[in-house]
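The structure is shown first.

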Amino acid sequence: MIRDELLTQDIGQLSEISGIVANIERYAINDGAGVRTTVFTKGCYLRCRWCSNPETQLFAPEMSFFPDKCFGCKNCLRACPYGAIGDDLNADRSICRDCHTREHPFACTTTCYAKCRKMTGETMTVKQVYDIVKRDVPFYEASGGGVTLSGGEPMAQPEFTYALLRMLTERWIDTAIETCGYADKEDYEKVLPYLNTVFMDLKHMDSEKHRLWTGQGNDLVLENIKLADRMAGTYGNKLFIRIPVIPGFNDTAEAIDAAARFVARECTHVTGMELLPYHKLGRGKYYSLGRTYPLEDLTPPSKEQMDELNRILAGYEIPIYKF
Ligand code: SF4
Ligand code: SF4
Ligand code: SF4
C-alpha cells in the first residue's frame, strides 16, 4: 500500500526507496513502443500455471542452477556453508529457501565461474535503477521507446514502482507497465497517472477457473481494468488488455468472446487488445529452481487458432495489437 506521505515527497527522497529487482533487460523491443529497458521486479501474488518467469514469483532472492553449462568443478559444493549441495550437484531446496537470511547468502554462486549457478533478486534503490536505465536515453529518443516495468508484478511493490515512475516521469522518460491487474486498487489510482502505457492482463472471465489456474479469483482484476479504463480517459495513457491464450484454460471461442464482450461493454478508453499465445520458453527455469514444470504436456496454439480467436476481437471492433 502506497503511504500518503510519499505523494508529497520530492524526487530526492523517493530516489532512496528500494525494491527487489529480478533483472534489468536493455534493448527490449517487445515490451511497448520503440526500444525499451525492461525492469523486472520480483514478487507476484498470482501463481499462473503457465508463468514463464517463475524466478520472479517469490519476493526473496533465489538461486538457479543451469546444469547444461556446468563443468563439474564442485566449487559450489565446497562453497556452500550449509551443506545444501549433494554430490550430484543438485541442491536441497528446503535449505536454500532461507539462504537470503543467512550469514553467507548464496555463497555457492560466487565461486561458479561458469555462471551456471546464479542468484536472482537484488535489492536496489530507485536511484540505482535510474542510473542504469538512463544510459539508454539516446535509444529511447531515437526510437520512441522508454522504460517498461514488468515482473513478477510491479504493483506488488507499489511504493518502489510509484517512486520509480515519478522519477522517470520527471526526467521525461516514457513509461509502461505490464501488470496482472491483481493488486490494490488505491495503489493503481496513485501509479496510473505516471504511466504512458498500461498493459493489463485479463486471463479469464470465469472467476473459479481463474482461481484454479492462477491461485486467485478475477474480481479484483475486473475492477482494476475498469479503473484503468476510467483513468485512461482522464490521463490519456494508452491501455492495452492482454490475454495469454493457454490451451485447456481459455483457448476457446467462448472464453475469448466473454473477455472481448466485457472489454467492449465496460471500457471506452482501451487502445486495443493483444492475444499472447502460450509458449514453453520458461520451462527450463522451473528446473533451474528445483521445481517441475506444471504444463509439460501442453502444446502451444497454432497460428490458425490464434487467427480465429483474433477474429473474435475484430468482431467487437476492438483494435488488435501485437508487440
Ligand atoms: S543457495 Fe545457499 S544454501 Fe543453497 S546451495 Fe547456495 S549457498 Fe547453499
Ligand atoms: S561451481 Fe558452477 S561449474 Fe562448478 S560444479 Fe558448481 S555449478 Fe558446476
Ligand atoms: S501474473 Fe505474471 S508473473 Fe505473476 S504468476 Fe502470473 S504470469 Fe507469473
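Into which domains is the chain divided? Domain 1 covers 4-58 + 122-315 and domain 2 covers 62-119, with bounds that come from an automatic or database domain assignment. The model is predicted: local features need pLDDT of at least 70, side-chain atom pairs count only at pLDDT 80 or more, and totals for chains, interfaces and linings use all residues. Residues are numbered from 1 along each chain as its sequence is written, chains are lettered from A and ligands numbered from 1 in the order in which they are written, and side-chain values use heavy atoms, with hydrogens and water left out.

Domain 1 gives 7 residues to the contact and domain 2 gives 6 residues, where contact means heavy atoms within 4.5 Å. The size of an interface is often given as the accessible area lost when the parts come together. Here the area buried is about 580 Å², and carbon and sulfur atoms give 51% of that; buried area is the accessible area (1.4 Å probe) that two parts lose on being put together, summed over both. On the side of domain 1, L58, S288 and L289 lose the most area to domain 2, together 67% of what that side buries.

The interface holds 1 salt bridge, defined as a side-chain nitrogen of Lys or Arg within 4 Å of a carboxyl oxygen of Asp or Glu. Side chains of opposite charge can pair when their charged atoms come close. For the model as a whole, the count comes to 20 salt bridges by this rule. Two salt bridges are listed below.

| Salt bridge | N to O distance |
|---|---|
| K42 and E62 | 2.7 Å |
| E223 and K185 | 3.6 Å |

The pair of E223 and K185 links distant parts of the chain, 38 residues apart: E223 belongs to helix α10 (residues 219-235) and K185 to helix α8 (residues 185-191). Helices are DSSP runs (H or I, at least four residues), numbered from the N terminus.

**The ligand shells**

Which residues surround ligand 1? They are M63, C80, Y82, A84, I85, C96, C99, F106, A107 and C108, each with a heavy atom within 4 Å of the ligand. This shell has 10 nonpolar, no polar and no charged residues. Ala, Val, Leu, Ile, Met, Phe, Trp, Tyr, Cys and Pro count as nonpolar, Asp, Glu, Lys and Arg as charged, and the others, Gly among them, as polar.

Around ligand 3 are C44, L46, R47, C48, C51, Q57, G152, C180 and K203. The shell of ligand 3 divides into 5 nonpolar, 2 polar and 2 charged residues.

Notes
Helices (H or I, at least four residues) and strands (E, at least two) are DSSP runs, numbered from the N terminus.
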